[in-house]
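Here is a short briefing on one protein chain. Look at the sequence and the 3D view first, then read on.

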Amino acid sequence: MEATPYVTIVLPCYNEQDHVLDEVERITKAMDSSGYTYELVAVDDCSTDETLARLEEAAPRFPHMRIRAFHRNGGSGTVRRIGTQEARGEIVVWTDADMTYPNERIPELVQILEKDQTVDQVVGARTTEEGSHKILRVPAKWVIRKIAEKLAGQRIPDLNSGLRAFRKSVAKPYLRLLPPGFSCVTTITLSFLSNQHDVYYLPIEYAKRAGKSKFSFVSDAYRYILQVLRMVMYFNPLKVLMPPALWLVGIGFVKFVYDMVRTPFYIPTNTIMIVLSGMLIGSVALLADLIVRSRGE
């Protein structure tokens, strides 16, 4: 194994015994022919099947693979965070071991970062949706993505793709923000966009996954929405809080005028409450923005 690999590929593995070696072989074959020095960090997230055993048995065949075994299940976000923190490469690649992403195209993502120093992250933007709960998942993801685009102020072709490459030096300050679950990919996307780091979207095909999906529609969709709002609040709270504050103040002012015409010199309690609510939310927005701008990051 090279002492200082240029690329680190973080591969979360959880109950992938039937296809994990096929994925490892596909990745190593692509990287071996690319000419890039690399390490493949296969992280077993406390699988309950034979995933870890099969990785360890096959390890001599893959000299660039390094196995990391967790003693308890931490979630894909925890795997990616720790894998990135321990990465030795200048470029870090995230992907999955479920055969859904075209991992043979990983060198393309790395090449974009290598050739264009203005780009800090390359995301494999999926052109199809093959996940579970497709009927519910597609419209839900569209709504979440549109909310993220509105709050981030730019177009996002794929908010939560699991295939991406980025510069470790740029991502390092944001790793502590990664949640333990699937929304970690949303977090790293919004962290880069909210801080004016250029993100390049490379169209990719998305295959039907091998094995059983770990995605829970209700709980994970809720976490995605919550994480989008949390990240924008963290970097730009005015975009979340100021619009409702201005709307409340505006509605309260219109109602005040209406009340003065209808009943002169009498202001109903609900009018006062609407105006005060808007002013309070606006004050919190300004205070939150002051805290954000005073952080030493």
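Two residues are in contact when heavy atoms of theirs lie within 4.5 Å. With that in mind, take D259: leaving aside its neighbours within four places in sequence, D259 is in contact with P264, Y266, P268 and T271. Keep in mind that this is a predicted model.

**The chain as a whole**

- The protein chain has 297 residues, and 48% of them count as buried.
- It is built with 10 helices and 7 strands.
- Its C-alpha atoms fill a box of roughly 85 × 40 × 35 Å along the principal axes.
- The accessible surface is about 15,000 Å². Carbon and sulfur atoms make up 61% of that surface.
- The chain carries 36 positive and 33 negative side chains. The centres of these two sets lie 8 Å apart.

- In what order do the strands of the open sheet lie? The order of the 7 strands is β3-β2-β1-β4-β6-β5-β7, and the pairing is mixed.
- The edge strands are β3 (65-69) and β7 (198-204). Each of these two pairs on one side only.
- From one strand to the next, the twist averages 20 degrees.
- Strand β1 (residues 7-13) runs parallel to strand β2 (residues 38-44), and 7 bridges join the pair. Here L11 has A42 of β2 as its bridge partner.
- β1 also runs parallel to β4, with 4 bridges between them. In this pair, the bridge partner of I9 is V93 in β4.
- β4 and strand β6 (residues 164-167) are antiparallel, again with 4 bridges. V92 stands opposite F166 in β6.
- Strand β4 (residues 91-94) is covered on both faces. I91 and V93 are buried on one side, and V92 and W94 are buried on the other.

**A strand residue: R167**

- R167 sits in strand β6.
- Is R167 buried or exposed? R167 counts as buried because its relative accessibility is 7%, and the cut-off for buried is under 20%.
- Leaving aside neighbours within four places in sequence, R167 is in contact with E90, I91, L113, D116, Q117, V119 and D120.
- One of these contacts, I91, is among the buried residues of β4.

**Helices**

- Helix α2 (residues 51-58) lies across β1, β2 and β3. It runs at about 150 degrees to β3.
- Why is helix α3 (residues 76-85) described as largely enclosed by the rest of the structure? The reason is that 8 of its 10 residues are buried.
- The buried residues of α3 are S76, G77, T78, V79, R80, I82, G83 and T84.
- An α-helix has 3.6 residues a turn, so residues three or four places apart point the same way.

- L193 lies in helix α7 (residues 184-194). With a relative accessibility of 2%, L193 counts as buried.
- Apart from residues up to four places away in sequence, L193 touches Q154, I156, V199 and Y201.
- Where is Q154 relative to L193? Q154 and L193 are 39 residues apart in sequence, and their C-alpha atoms are 8.3 Å apart in space.
- D259 belongs to helix α9 (residues 237-262). Its relative accessible area is 5%, so D259 is buried.

**A loop residue: A59**

- A59 is found in the loop between α2 and β3.
- A59 has a relative accessible area of 25%, so it is partly exposed.
- Not counting residues up to four places away in sequence, A59 touches M65 and I67.
- A59 and I147 are 88 residues apart in sequence. Their C-alpha atoms are 43 Å apart in space.

Key. Residues are numbered from 1 along each chain as its sequence is written. This is a predicted model: local features need pLDDT of at least 70, side-chain atom pairs count only at pLDDT 80 or more; totals for chains, interfaces and linings use all residues. Side-chain values use heavy atoms; hydrogens and water are left out. Buried means under 20% relative accessible area, exposed over 50%, partly exposed in between (1.4 Å probe, protein chains only). Accessible areas come from the Shrake-Rupley method with a 1.4 Å probe; for residues, only the protein chains shown count as cover. Lys and Arg count as positive and Asp and Glu as negative; His and the chain ends are not counted. The place of a charge is taken as NZ of Lys, CZ of Arg, CG of Asp or CD of Glu. Two strands pair if DSSP finds at least two bridges between them. Axes are lines fitted to C-alpha atoms, for helices over the stretch in contact, and angles run from 0 to 180 degrees between N-to-C directions.
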